[in-house]
Amino acid sequence: MIQTRQSPARSQVAIIGAGPAGLTLAHILHHHGIDSVVIERRDRAYVERRLRAGVLEQGTVDLFRALGVSARLDREGLVHHGINLQFSGERHRIALSDLTGGRAITIYGQHEVVKDLIAARLANDGPIWFDADDVSLHDLTSDKPRVHFRRDGRAHELHCDFVAGCDGSHGVSRSAVPTAERRTFERTYPFSWLGILAAVPPSLGEVIYAHHERGFALHSMRGPQVTRLYVQCGPDDGLDSWPDERVWLELKTRLSTTDGWTVQEGAVIEKSITALRSFVMEPMQYGQLFLAGDAAHVVPPTGAKGMNLAVADARVLGDALAQWYRAGDRSLLAEYSSTCLRRVWRAEHFSWFMTSMLHRFPDGDAFQQKLQLSQLRYVCTSTAAATSLAENYVGLEHV
Ligand SMILES: Cc1cc2nc3c(=O)[nH]c(=O)nc-3n(C[C@H](O)[C@H](O)[C@H](O)COP(=O)(O)OP(=O)(O)OC[C@H]3O[C@@H](n4cnc5c(N)ncnc54)[C@H](O)[C@@H]3O)c2cc1C
């Protein structure tokens with residue numbers, strides 16, 4: 001066994017991945033007096049720069065407050081009480097808070113969440129080992145699992161009681177579960193999202209989801225001076241086929257309303273393409289390995305659920321491990337997978353529902369478009385339908 005002086009040979013919990021799932025779990029465990037080590041493949045600057053989600057459910061914000069990591073989120077996060085659905089050139093507001101007993105969403109970039117969680121972790125002297133290569137998991141069905149990795153050109157071995165696989169959809173944890181021990185469910189959508197970050201104040205104070213015959217578009221924001229915008233694009237499109245002028249033309253066409261409102265242009269700071277797909281692996285546990293977040297499931301971003309699910313898994317796992325260490329009671333750990341999967345499948349359904357209602361499908365005929373418009377009109381005119389959308393969007397407390 002080889003290791004550096006900074007690397008303890010043992011920790012109660014080894015956490016693979018410093019994304020929202022892994023970092024939130026590290027804080028929950030610290031709160032319960034359980035030690036953990038976070039092992040991350042990338043460097044700190046990389047994970048703090050990675051632009052991804054930006055909508056926090058009420059329950060996610062409440063958890064960060066309880067963990068004492070919400071100071072900047074409370075200062076800079078934009079609390080929104082409604083979202084807008086747009087179709088046939090008309091905008092309709094869904095009053096999230098009025099429909100859900102006062103619950104709301106907070107707009108705050110995932111990379112800002114990650115920055116806050118890393119800063120608070122390091123302030124607590126909690127170890128995060130960045131730049132860890134060749135991570136591999138061993139003896140997962142024994143009570144003495146081990147994690148191997150390379151760092152600073154040297155081989156390391158960490159002994160632990162449990163491994164939390166929080167390393168996203170391309171990590172090593174999911175593939176450490178033998179294929180005979182897992183079942184996967186998957187759907188790939190026949191389109192992607194081209195997203196830009198623009199240096200311009202948001203054109204409206206709230207998020208807009210637009211259905212348009214040319215395809216879906218989304219107006220969101222990352223702060224008072226920065227707008228986040230998406231257009232549906234082809235599944236094989238590259239950035240080359242989307243120069244800024246084309247992006248703005250499509251955004252204006254798809255987001256403009258018949259009363260003359262349109263989006264304001266600004267300098268494009270960042271541009272990327274994200275594929276849309278649904279994926280679930282069951283169960284989310286194998287021996288002493290527990291998967292959390294994108295390592296176990298992926299949702300298309302239309303429902304804004306990915307980061308929130310990752311945080312929700314971390315909460316369930318943190319509480320289950322706390323019960324084990326406090327009382328030697330394994331019942332919550334035994335229920336971990338089934339508890340999480342109830343929320344996961346609700347989010348999968350909601351994300352599929354939003355995606356199906358709002359996008360243009362390549363094989364979609366006029367019949368399908370009429371169904372979409374009927375569903376949109378129903379959600380915008382029926383209190384029952386609007387409440388269903390609102391309670392899923394802000395996050396269900398009990399699933
Ligand atoms: C490109 C992209 C864009 C997205 N956009 C949106 C959006 O607009 N809206 C939305 O709601 N959701 C979006 N999502 C989904 C959301 O960001 C994810 O659901 C969320 O990041 C899940 O958090 P996580 O902690 O489970 O995984 P991640 O955030 O992926 O974190 C996993 C961590 O593990 C590390 N890691 C990976 N492999 C290894 C390894 N072998 N060893 C050690 N560490 C490893 C990674 O570097 C990473 O830091 C997006 C996701 C992606 C990938």
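Q: Where do we start, and how long should helix H8 be?
A: This is a predicted model. Helix H8 covers residues 306-327, 22 residues in all. At 1.5 Å a residue, H8 should span 32 Å. Its end C-alpha atoms are 32 Å apart, so the two values agree.

Q: What comes just after H8?
A: Gly-328. Gly-328 takes a positive phi of about 65°.

Q: New topic. How many salt bridges does the structure hold?
A: The structure holds 19. Side chains of opposite charge can pair when their charged atoms come close.

Q: Which side chain does Asp-161 meet in a salt bridge?
A: That of Arg-10, at 2.7 Å from N to O. Asp-161 sits in the loop between strands E11 (154-159) and E12 (162-165), and Arg-10 in the segment before strand E1 (13-16), so the pair ties together parts 151 residues apart in sequence.

Q: Asp-161: buried or exposed?
A: Asp-161 counts as buried, at 17% relative accessibility, because the cut-off for buried is under 20%.

Q: And how does Arg-10 count?
A: As partly exposed, at 47% relative accessibility.

Q: Which residue forms a salt bridge with Glu-76?
A: Arg-72 does. The closest N and O atoms are 3.2 Å apart. Both residues are in helix H4 (residues 71-76). They are 4 residues apart, so about one helical turn separates them.

Q: Why does that spacing matter for direction?
A: An α-helix has 3.6 residues a turn, so residues three or four places apart point the same way.

Q: How accessible is Glu-76?
A: Glu-76 is partly exposed, with a relative accessible area of 41%.

Q: Which residues are linked with Glu-76 in a network of salt bridges?
A: Arg-72, Glu-112, Lys-115 and Asp-116.

Q: What about Glu-270, which side chain does it meet?
A: Glu-270 meets Arg-228 in a salt bridge of 3.4 Å, N to O. The pair links distant parts of the chain, 42 residues apart. Glu-270 is in strand E17 (residues 267-282) and Arg-228 in strand E16 (residues 226-233).

Q: Arg-228: buried or exposed?
A: Arg-228 counts as buried, at 4% relative accessibility. Glu-270 counts as partly exposed, at 22%.

Q: Last one. Which residues gather in the patch of negative charge?
A: Asp-43, Asp-131, Asp-133, Asp-134 and Asp-152, on the surface.

Q: Where is Asp-43 found?
A: In the loop between strand E2 (36-39) and helix H2 (44-49). Asp-43 is partly exposed, with a relative accessible area of 34%.

Notes: Residues numbered from 1 in each chain as written. Predicted model: local features only at pLDDT ≥ 70, side-chain atom pairs only at ≥ 80, totals over all residues. Heavy atoms only, no water. Patch = residues over 30% accessible without salt bridge, like charges linked within 9 Å, V, L, I, M, F, W, Y side chains within 5 Å. Areas by Shrake-Rupley, 256 points an atom, 1.4 Å probe, with all protein chains shown as cover. Salt bridge = Lys/Arg side-chain N within 4 Å of Asp/Glu carboxyl O. Lys, Arg positive; Asp, Glu negative; His and termini not counted. Charge placed at Lys NZ, Arg CZ, Asp CG, Glu CD. Helix = DSSP H or I, 4+ residues; strand = E, 2+ residues; numbered from the N terminus. Buried < 20%, exposed > 50% of the residue type's maximum accessible area, 1.4 Å probe, protein only. Expected span 1.5 Å × (residues − 1).
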